[in-house]
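User: I have a structure open and some questions about it. Can you walk me through it?

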Amino acid sequence: TIIILSTFTLGVEAQRICGSETYLQQNSSLKQQKTSKSLLSKEYISRDTLTNELINIPVVVHVLYANDAQNISDEQIKSQIESLNKDFSYQNEDSKNTPQAFKQAAADVHIQFCLAQVDSKGNKTSGIIRKHTSTVNFSADDKMKFTGAGGDDAWDSDHYLNIWVCGLTSKSL
């Protein structure tokens with residue numbers, strides 16, 4: 001499966017900060033693991049999918065909030081999933097701004113993200129996990145991914161794309 005590390009945050013000025021690149025730079029073992037899984041994913045997709053088959057990836061969004069402003073709405077989460085799907089199907093509004101060097105490669109990649117409907121135990125789910133935490137802002141150190149550190153444990157990454165929504169401190173970014 002494809003590992004995508006995404007982190008969203010709500011700031012006082014409603015800015016979104018993504019710590020993915022900084023995080024990958026600080027964690028060389030993850031960078032190596034990401035490359036390895038990416039190669040396996042390419043092999044799997046080319047071997048086991050039909051040319052126009054749509055690949056559905058179930059998403060689990062872990063909303064970690066210390067205050068009401070951080071507890072984003074279901075509608076905002078669904079809007080971001082919709083935006084992600086538009087990007088992956090090359091139907092995003094700014095696709096016309098694709099740099100010339102990439103226009104020939106830009107395409108619908110037949111990958112669709114949807115909120116998980118069933119958890120790993122077979123129970124129904126909305127795909128949105130909300131957890132109150134005493135941690136107002138996390139840093140790019142993975143603590144948001146562990147219940148014991150004030151976050152929430154990931155679901156099996158071989159079957160789900162995990163996305164954490166939490167406050168981030170700018171010190172580590």
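Analyst: One definition to start. Buried means under 20% relative accessible area, exposed means over 50%, and partly exposed is in between (1.4 Å probe, protein chains only). This is a predicted model: local features need pLDDT of at least 70, side-chain atom pairs count only at pLDDT 80 or more, and totals for chains, interfaces and linings use all residues. Residues are numbered from 1 along each chain as its sequence is written, and side-chain values use heavy atoms, with hydrogens and water left out.

User: OK. Is N92 buried or exposed?

Analyst: N92 counts as buried, because its relative accessibility is 15%.

User: Where is N92 found?

Analyst: In the loop between α3 (74-88) and α4 (100-103). Helices (H or I, at least four residues) and strands (E, at least two) are DSSP runs, numbered from the N terminus.

User: Which side chain does N92 join in a polar contact?

Analyst: That of D87, at 3.3 Å. A polar contact is a pair of N or O atoms within 3.5 Å; within protein, one must be able to donate a hydrogen and the other to accept it, and residues adjacent in sequence count only if both atoms are side-chain atoms.

User: What does N92 touch?

Analyst: K86 and D87, not counting residues up to four places away in sequence. Contact means heavy atoms within 4.5 Å.

User: Switching topic. How many aromatic pairs are there?

Analyst: A search of the whole structure finds 2. In F88 and F113, the ring centres are 4.8 Å apart and the planes are at 75°, so that pair is edge-to-face. The pair links distant parts of the chain: F88 is in helix α3 and F113 in strand β3 (residues 111-115), 25 residues apart. The rule: rings of Phe, Tyr and Trp (its six-membered ring) pair if their centres lie within 6.5 Å; planes under 30 degrees apart count as stacked, over 60 as edge-to-face and the rest as tilted.

User: Are those two buried or partly exposed?

Analyst: F88 is partly exposed, at 24% relative accessible area. F113 counts as buried, at 2%.

User: What about the rings of W155 and Y160?

Analyst: Their centres are 4.9 Å apart and their planes are at 85°, so this pair is edge-to-face. Both W155 and Y160 are buried.

User: Now the core. How many residues has the largest one?

Analyst: The largest nonpolar core has 16 residues. V59, V61, V63, I77 and F113 have the most contacts inside it. A nonpolar core is a set of buried Ala, Val, Leu, Ile, Met, Phe, Trp, Tyr and Cys residues joined through side-chain atoms within 4.5 Å.

User: Which elements supply it?

Analyst: β2 (55-65), α3, β3 and β5 (161-165) each supply at least two residues. β2 gives the most to this core, with 6 residues.

User: What does I77 touch?

Analyst: V61, V63, I72, L115, I128 and R130, not counting residues up to four places away in sequence. Apart from that core lies another, of 6 residues, among them F138, M144, W164 and C166.

User: Cysteines, then. How many disulfides?

Analyst: The count comes to 0, taking a disulfide as a pair of cysteine sulfur atoms within 2.5 Å. C114 counts as partly exposed, at 28% relative accessibility. C166 counts as buried, at 3%.

User: Where does A116 lie?

Analyst: In the loop between β3 and β4 (128-132). A116 is buried, with a relative accessible area of 2%. A116 touches residues including P58, V59, W155 and Y160, not counting those up to four places away in sequence. From A116 to I128 is 8.1 Å, C-alpha to C-alpha, and 12 residues in sequence.

User: Last one. How many helices and strands?

Analyst: The protein has 4 helices and 5 strands. Along the sequence, the pattern is β-α-α-β-α-α-β-β-β. Buried residues make up 32% of the 173 residues.
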